[in-house]
Amino acid sequence: ILDGSLLFQQVPMVEIDGMKMVQTRAILSYIAGKYSLYGKDLKERALIDMYVEGIADLLQMVLAFPFSPPEAKEKNLDSIKEKATSRYFPVFEKALKQHGQDFLVGNKFSWADVQLMQAILEVEEKIPAVLSGFPQLQAFKTKMSNMPTIKKFLQPGSPRKPPADEHYVETVLNIFMR
Amino acid sequence: MAAKPRLYYFDGRGKMESIRWLLAAAGVEFEEEFLETQEQYEKLLKGGSLLFQQVPMVEIDGMKMVQTRAILSYIAGKYNLYGKDLKERALIDMYVGGTEDLMGFILMFPFLSAEDKEKQRAFIVQKATSRYFPAYEKVLKDHGQDYLVGNNFSWADVHLLEAILMVEEKKSDVLSGFPQLQAFKARISSIPTIKKFLEPGSQRKPVPDDKYVETVRRVLRMYYDVKAN
């Protein structure tokens, strides 16, 4: 913070291409744009943005979960399950069914696919059978898992982080509570 | 002639206000359909118009767009308010992220109890003056240009002006100590499209009142208590 590295005194912060970027969405948009994972035109970008923002709302519930008090955890878990199965997953199930393509937008791998894959796996960690009733998403999950870069990321030894545990929660709270 | 964008939301600020600002700044005329009853909302839901069952929703260029950020990004891109390249877009996205967080603290304000309102007001002012305003003050001071990014009017400027005015409504002298932002506010307010939007009779919505809160709660069946930050 004292360094001036954190524009709004917050993390995430990513040093990339000479910038000290903050704001998760800004960082993700930059990476998606730079590596051609953001669609081919303004309209595809709009669709990707809509999907990504929706999934982000779901992921936010998963993010907040470890920090909720013990007595609220069951209720929050039910909430995640309810939102996933009645609000978010049906949208992507329908999209995939309607166009019959492998990827969510423009028949090409994009940020939206990565974000959906992350959400599926993280919700499954909390609710193992959550994809039952979503055959398109099950097939999607398998296809994504087999893409070389994603496959690699899913293997042990990758920078992928495990689900938040008590130690993680403690660490975060200690730093912010100073 | 292309149809005008059509905004679906309550007759009040909420999450739609930033979209009204950006369309107005870009000189784009738009229409609005105000949600007043549960029936209207259910009709939208049943019609499949709301991708994630939520508003804001904007009909634009043949799309029924949802998700405030997605809508704003589309408008910014379409009307050349998103910088000239990926790096300028990155800066705009960062700055807009900050003002969005700040305005987010104000979004829930009308729904709070009287006691929580006072706490939240102090919280908003504290965050504005110690976290957000200093960041933008420094950006403007460092490059000495009229606009936040790339010496060109952009979404970031519109969003920052909106945030400044909203915080000032909570504490009128909040910009004392921020001379760059004071000058910025005067400059951006005098841009013709913005000036027009700031005049009475525009589609800018007033500070939310009890009637607004009642409408939202009724339409969304949002009868739970909203907590302060």
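A salt bridge here is a side-chain nitrogen of Lys or Arg within 4 Å of a carboxyl oxygen of Asp or Glu. With that rule, a search of the whole structure, which is a predicted model, turns up 30 salt bridges over all chains. The close-ups below visit two of these pairs, along with the interface, the annotated spans and some backbone details.

**View 1. A salt bridge inside chain B links R6(B) and E33(B).** The N to O distance between these two side chains is 2.9 Å. R6(B) belongs to strand 1 (residues 6-9) of chain B and E33(B) to strand 2 (residues 31-34) of chain B, so the pair ties together parts that are 27 residues apart in sequence.

View 2. Three residues deserve a look when you zoom in on the side of chain B: F52(B), M94(B) and R131(B) supply 23% of the area that chain B buries against chain A, more than any other three residues. Counted by contacts, 33 residues of chain B touch 32 residues of chain A.

**View 3. R25(A) and E100(B) form a salt bridge between the chains.** Their closest N and O atoms are 3.8 Å apart, which is within the 4 Å cut-off for a salt bridge. The count between chain B and chain A is 1 salt bridge. Polar contacts across this interface come to 10 residue pairs, with both residues at pLDDT 80 or more.

**View 4. Strand 4 (63-66), helix 3 (68-78), helix 4 (86-107) and helix 5 (114-143) of chain B each give two or more residues to the side that touches chain A.** Helix 4 of chain B provides the largest share, 11 residues. By residue class, this side of chain B divides into 15 nonpolar, 8 polar and 10 charged residues.

**View 5. The domain assignment of chain A gives domain 1 (1-35) and domain 2 (39-154).** Taken over C-alpha atoms, the centres of domain 1 of chain A and domain 2 of chain A are 24 Å apart.

**View 6. The segment before strand 1 (13-16) of chain A holds P12(A), and the peptide bond from V11(A) to P12(A) is cis.** Omega for this bond is near 5°. Q9(A) also lies in the segment before strand 1 of chain A. Its phi is near 60°, a positive value in a residue other than glycine. For context, most residues other than glycine have a negative phi, and most peptide bonds are trans.

**View 7. A cis peptide bond joins V55(B) and P56(B) in chain B.** Omega is about 10° for this bond. To find P56(B), look in the loop between helix 2 (38-46) and strand 3 (57-60) of chain B.

Terms used. Residues numbered from 1 in each chain as written. Chains lettered and ligands numbered in written order. Predicted model: local features only at pLDDT ≥ 70, side-chain atom pairs only at ≥ 80, totals over all residues. Heavy atoms only, no water. Domains from an automatic or database assignment. Contact = heavy atoms within 4.5 Å. Buried area = accessible area lost by both parts, 1.4 Å probe. Polar contact = N/O pair within 3.5 Å; in protein donor to acceptor, adjacent residues only side chain to side chain. Helix = DSSP H or I, 4+ residues; strand = E, 2+ residues; numbered from the N terminus. Nonpolar A, V, L, I, M, F, W, Y, C, P; charged D, E, K, R; others polar.
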